[in-house]
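Good morning. I will go through one chain today, from the whole down to single residues. Please look at the sequence and the model first.

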Amino acid sequence: MLRFSRPVLLRTFTLALFAPALAMPAIAADAFPSKPLQIVVSAAPGGSPDILARIVAKALSARVGQPVSVDNRPGGAGNIAATHVARSPADGYTLFVATDSISINQTLFRNLPFDARTSFAPVIHAISSPQVFAVHPDVPARSVQEFIQLAKAAPDRYGLASPAIGTTGQLGVLLLQSQAAIQVKPVVYRSAQPALTDVLGRHADGIIVTIAPALPFIKEGKLRALGVSTGTRSAALPDVPTFVEQGLPDFKFDSWQGFVVPGGTPKPIVDRLNAELNAMLNDPDVKAKLLAQAFDTVGGSPADFGKVINDSITSWEKVIRSHDIHID
């Protein structure tokens with residue numbers, strides 16, 4: 001396994017943002033943006049980061065007066081998209097919907113072509129969202145504990161899907177197995193949509209996934225939600241109890257998403273993007289659209305988001321190492 005001796009360096013983010021700005025003309029931030037922007041996402045259309053990106057792209061375009069497109073680059077556990085952004089010009093025109101996967105991948109993969117702490121300049125923590133554990137309606141379980149009893153009675157009988165390698169959904173399946181002392185068949189897909197499709201078709205029995213892509217199917221009765229992963233219930237699914245409420249006190253985490261730009265992007269550009277995105281996240285219409293997708297808006301400073309990224313690296317590192325998993 002990899003061993004990380006790097007400390008939590010929020011200062012690294014600060015220096016990365018300030019240093020390039022020293023040589024930058026003061027007028028550059030006022031002139032930005034002067035051409036179209038692009039938001040890169042690591043998910044296929046319909047995935048949670050894609051949903052966020054498309055809501056933001058429309059609102060951000062209206063605010064800055066430039067077209068904002070969405071570039072889907074799924075695959076590689078999010079590393080394909082992340083690598084593309086890390087290698088893009090540090091001019092603020094390429095944004096990335098960074099999810100908790102970049103913090104997970106920091107430990108999960110042995111030889112990444114980027115570093116989650118230094119290859120990106122954090123812009124803003126956009127949203128947080130619980131994960132939901134949902135099963136096909138034919139599965140005879142109406143609670144987490146009922147599913148646990150089914151799984152204990154028939155080890156390896158039930159297949160649980162997750163969106164991709166290194167997602168909180170995949171690690172959530174591992175947590176569920178260890179904390180509930182059950183054995184299921186984990187099935188990992190390339191993204192949320194094919195995973196959900198297979199559960200809907202009963203090729204897999206259940207899924208742990210961000211609420212947003214599963215919510216329409218839950219509302220239509222095509223999936224049955226058994227539990228949410230956060231410490232408190234989700235406003236999107238107020239009748240669905242948490243895992244904590246159902247006897248698993250240590251099964252508690254959320255999924256975060258935010259925006260970063262390539263490391264070395266001048267601070268005035270980062271600050272301009274942060275200001276526009278904060279204003280957008282506070283817009284009642286945008287907030288309503290995000291809440292409809294079970295996204296809780298967050299906002300804040302670039303340093304705030306840098307801390308989220310670092311804290312997430314630390315917490316998921318413990319889970320990954322305890323299960324002794326890695327990808328070369």
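Let me begin with a definition: buried means under 20% relative accessible area, exposed means over 50%, and partly exposed is in between, with a 1.4 Å probe and protein chains only. Ala-294 shows how that works: with a relative accessibility of 3%, Ala-294 counts as buried. Ala-294 sits in the loop between α11 and β10 (296–297). Its phi is near 70°, which is a positive value in a residue other than glycine.

Some ground rules. This is a predicted model, where local features need pLDDT of at least 70, side-chain atom pairs count only at pLDDT 80 or more, and totals for chains, interfaces and linings use all residues. Residues are numbered from 1 along each chain as its sequence is written, and side-chain values use heavy atoms, with hydrogens and water left out.

Now the whole chain. There are twelve helices and ten strands in the chain; helices (H or I, at least four residues) and strands (E, at least two) are DSSP runs, numbered from the N terminus. The radius of gyration is 20 Å, close to the 20 Å from the globule rule for 328 residues, so the chain is as compact as a globular protein of that length. That radius is taken over C-alpha atoms, and the rule is 2.2 Å times the number of residues to the power 0.38. Along the principal axes, the C-alpha atoms fill a box of roughly 70 × 45 × 30 Å. Of the 328 residues, 55% are buried.

Contact means heavy atoms within 4.5 Å. Among the contacts with a separation of 6 or more, 79% are between residues 24 or more positions apart.

Which way does α3 run relative to α11? The axes of helix α3 (residues 48–64) and helix α11 (residues 284–292) come within 10 Å and cross at roughly 170°. That makes α3 roughly antiparallel to α11. Axes here are lines fitted to C-alpha atoms, for helices over the stretch in contact, and angles run from 0 to 180 degrees between N-to-C directions. Angles under 35 degrees count as roughly parallel, over 145 as roughly antiparallel, 65 to 115 as roughly perpendicular and the rest as oblique.

From α3, Leu-52, Ile-55 and Ala-59 meet Val-286, Lys-289 and Leu-290 of α11. Sorted by type, the residues of this contact are five nonpolar, no polar and one charged. For that count, Ala, Val, Leu, Ile, Met, Phe, Trp, Tyr, Cys and Pro are nonpolar, Asp, Glu, Lys and Arg are charged, and the others, Gly among them, are polar.

In helix α5 (residues 101–108), eight of the eight residues are buried, so α5 is largely enclosed by the rest of the structure. Its buried residues pack against α4 (79–86), β3 (94–99), α7 (168–180), β9 (254–262) and α12 (302–322). Helix α9 (residues 211–219) is mostly covered, with seven of its nine residues buried. Among them are Ile-211, Leu-215 and Phe-217. Just after α9, Gly-221 has a positive phi of about 80°.

Now a region around one proline. What kind of peptide bond joins Phe-32 and Pro-33? The bond is cis, with omega about -5°. Pro-33 lies in the loop between α2 (27–31) and β1 (37–41), and at 9% relative accessibility Pro-33 counts as buried. Apart from neighbours within four places in sequence, Pro-33 is in contact with Val-64, Gln-66, Tyr-93 and Arg-272.

Gln-66 is in the loop between α3 and β2 (68–72), and Gln-66 is buried at a relative accessible area of 17%. Ala-31, in helix α2, counts as partly exposed at 47%.

Last, Ala-181, in the loop between α7 and β6 (185–188). Ala-181 has a positive phi of about 55° although it is not a glycine. Is Ala-181 buried or exposed? Its relative accessible area is 58%, and Ala-181 is exposed.
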